Amino acid sequence: MMLPAAPALDPAPNTARPAAKAPAKSPAQKAMEKLGLRRDIDLALHLPLRYEDETRIVRLADARDGEVVQIEGEVMHSEVLIRSRRQLLVTVDDGSDTCLLRFLNFYPSHQKTLSVGSSVRVRGELRGGFLGREMMHPHFKLAGGELPGALTPVYPTSAGLPQVYLRKAVLSGLSRADLRETIPTEFLSKILPLRLSSLREALQFLHHPTPDVALQTLEDRSHPAWQRLKAEELLAQQISQLQARRVRAAMRAPALNGLAMRGTHCTLQQQLLERLPFRLTAAQQRVGLEIEADLKKSIPMHRLLQGDVGAGKTVVAALAAARCIDAGWQCALMAPTEILAEQHFSKLISWLEPLGIKTARLSGSQKTKERREMLALIESGEAGLVIGTHAVIQDKVVFKNLALAIIDEQHRFGVAQRLALRSKMTGGGQEPHLLMMTATPIPRTLAMSYYADLDVSTLDELPPGRTPIVTKVVNDARRDEVIARIQAQIAEGRQIYWVCPLIEESESIDLVNATQTHVALSEALPDVMVGLLHSRMPPAEKKAVMSLFTEGVMAVLVSTTVIEVGVDVPNASLMVIEHAERFGLSQLHQLRGRVGRGAAASACVLLYSTGDAPRLGEVARARLKAMAETNDGFEIARRDLEIRGPGEFLGARQSGAALLRFADLQTDAGLLAWAREVAPLMLDRYPDLAERHVLRWLGGKAEFLKA
Ligand code: ADP
Ligand code: MG
């Protein structure tokens, strides 16, 4: 095989080359950068997925079917067979037994190496075939030559980056990288029962393990060398989280002490509470106090409010906003979609404007004139509350005195956007308090690791009077029955959501899907209004459709997942989700939370389609079953994490792409506890080592993690 030119890794910083003469990057180099393999240390930390054992020659008679083995023998027979397709069949005899090699793709050069009488070394998976034992497309070369002393690593790679090239690159990275210890032995000794080797030894071993290793301990990453790496990784993450916390603790935020100027009047908060048509749940009261305690401090709050869909996070946000505005400062609320921002806007206006709070709204679709007015209200400080989408973080938006930033459905925003909102605080070197809200609860282990720098408040109680949602999993072939059910609901004056899937790669397919369903439902339900809502519609149209549904004029709303978050129409009692098998569990749960908001018994129908297959796959079945079995968002998040793993669970946007590569929060809880204990000690006693350690592991990503 032709190999691309040798990799030019990590050129010394002082060998400045004129940019024009820089050679174009080869596809392999580009692929390496994509994998994050830029520095020598990145290569050294790029660990094998698995290994191939080329260290031994096995006797065929001793090998079992299903095993991957390397044999050496003589070619006894070779022929090209033309059946349904051309194939090369070669028989090899190693003195103990014979084996058939089968190639569907082959070149004359292959035939030449494998000609009768040649002595060859062959490696592949042994299978019991119709004509006796055989190997399909094995690796082969002429026999002889030295056997390697270590297992051969197989690295995670991507298109355009051949394994052989990557192996060489990793080897040279490993030899050049600075692998001096950063963790003092006094800390390592705390986990010494694991006999953790030095970092260098651990890496050298994992890249090239000796053949006597129990492969199982490499596969399940329980080998001491793996433990060592996982401990290092977790420590880097904990140190960087702790640094972030300390940086913030050193920052200043306005202490929002409310009521000072109001003499005998009640606080805005008290007034708001009196006007609410309901009483706060115990959970809302508790969480409200937690937030209040933070807001009174002059350290910026960094709090996540998590609560299941429908738990009543909005009113908690409103109370925080009221305190902030009462103290004479501005509050900004950012929501991920226009619809959601609109909903917040109307709800918060109805709560807060009667108390004399002026509200400004910002959206991408606003007319220039309106926007200019809003910007003026914000800059003069006349608007106490500012609500909007991403429009809130645009450069033109200047706050007079922002003190509290609230982000709804925070997982929908990227780290950069959160940073941008925080930077809206003007003057005095102060930071605003930050309250993030999410309905996708973060499992405890994740909270401890990725969000170690975050205080968490949890609404673990739903407002009273909710009837649990009954979830049914139904084959798409039974659509007619579902439509009959819709008719029955309509007859009772109820409203229905019908959600079509979002396939990220192909918005146009979604659209076709939603449009077709809309047509079909309109025909099936001629007496009522059936509306359509999708992400490609102009915002004004979306708004019009949404308000028809909110006002109860429209009976059925067909939509893509634009309604996923936060929409609140209590009269909607049935949700049908089409192609439910394509959604993530947490997403299904979010969607389902759109119903069951009123007193009426509510239901969710998960329509699945098996496509061409006779039945739904095992995993998909288990996932949908989980949805039918529980309404508890925390339980669902736990199962989702189990099925998808933390990387996907968090989404790369939110994680800042600095997820754990090696450690597993479930199995490595012990190492995580160790890292949590050691991180502050490292920072206090060995700040230089701590710095080096974080840089080694997180490189440029560390800053990102701190958002
Ligand atoms: P989420 O936590 O999903 O954002 P919302 O804040 O939208 O939930 O609240 C869902 C619904 O419950 C809203 O209609 C809201 O007015 C109502 N609600 C909130 N708190 C209470 C309460 N303590 N008692 C009764 N209804 C409540
Ligand atoms: Mg909400």
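This report walks through a helix, some salt bridges and a sheet in a predicted model.

## About the model

Residues count from 1 along each chain as its sequence is written, while chains are lettered from A and ligands numbered from 1 in the order in which they are written. Because the model is predicted, local features need pLDDT of at least 70 and side-chain atom pairs count only at pLDDT 80 or more, whereas totals for chains, interfaces and linings use all residues; side-chain values rest on heavy atoms, with hydrogens and water left out.

Which residues of H24 are buried? They are Ala690, His693, Val694, Arg696, Trp697 and Leu698 (buried is under 20% relative accessible area, exposed over 50%, and partly exposed in between, with a 1.4 Å probe and protein chains only). These residues cover an arc of only 165 degrees around the axis, which puts them on the same side of H24 (the arc is taken from the directions between the helix axis and the C-beta atoms). An α-helix has 3.6 residues a turn, so residues three or four places apart point the same way. Asp688 and Leu695, on the other side of H24, are exposed. Just after the helix comes Gly699, with a positive phi of about 50 degrees.

## Salt bridges across the sequence

The whole structure holds 33 salt bridges (a side-chain nitrogen of Lys or Arg within 4 Å of a carboxyl oxygen of Asp or Glu). One of them pairs Arg228 with Glu181, with 2.4 Å between the closest N and O atoms. Arg228 belongs to helix H8 (residues 224-249) and Glu181 to the loop between H4 (163-176) and H5 (185-188), so this bridge ties together parts 47 residues apart in sequence. Arg228 is buried at 1% relative accessible area, whereas Glu181 is partly exposed at 31%.

Glu677 and Lys190 also meet in a salt bridge, at 3.2 Å from N to O. Since Glu677 lies in H23 (residues 669-685) and Lys190 in the loop between H5 and H6 (199-207), the pair links parts 487 residues apart in sequence. Glu677 is partly exposed, at 44%, and Lys190 is partly exposed too, at 41%.

Back in helix H8, Lys230 forms a salt bridge with Asp668 (3.1 Å, N to O). Asp668 sits in the loop between H22 (652-655) and H23, so here the parts tied together are 438 residues apart in sequence. Asp668 is buried at 6%, and Lys230 is buried at 3%. Elsewhere, shared partners join Arg286, Glu290, Asp294, Lys297, Arg303 and Asp460 into one salt-bridge network.

## A parallel sheet of seven strands

Seven strands make an open sheet with parallel pairing, ordered S12-S13-S11-S14-S15-S10-S16 (two strands pair if DSSP finds at least two bridges between them). Which strands stand at the edges? S12 (359-362) and S16 (455-459) do, each with a single partner strand, so one side of each is left without a neighbour in the sheet. From one strand to the next, the twist averages 20 degrees (axes are lines fitted to C-alpha atoms, for helices over the stretch in contact, and angles run from 0 to 180 degrees between N-to-C directions).

S10 (residues 302-307) and S16 run parallel and are joined by five bridges. Gln306 stands opposite Thr458 in S16.

Methods
Helices (H or I, at least four residues) and strands (E, at least two) are DSSP runs, numbered from the N terminus.
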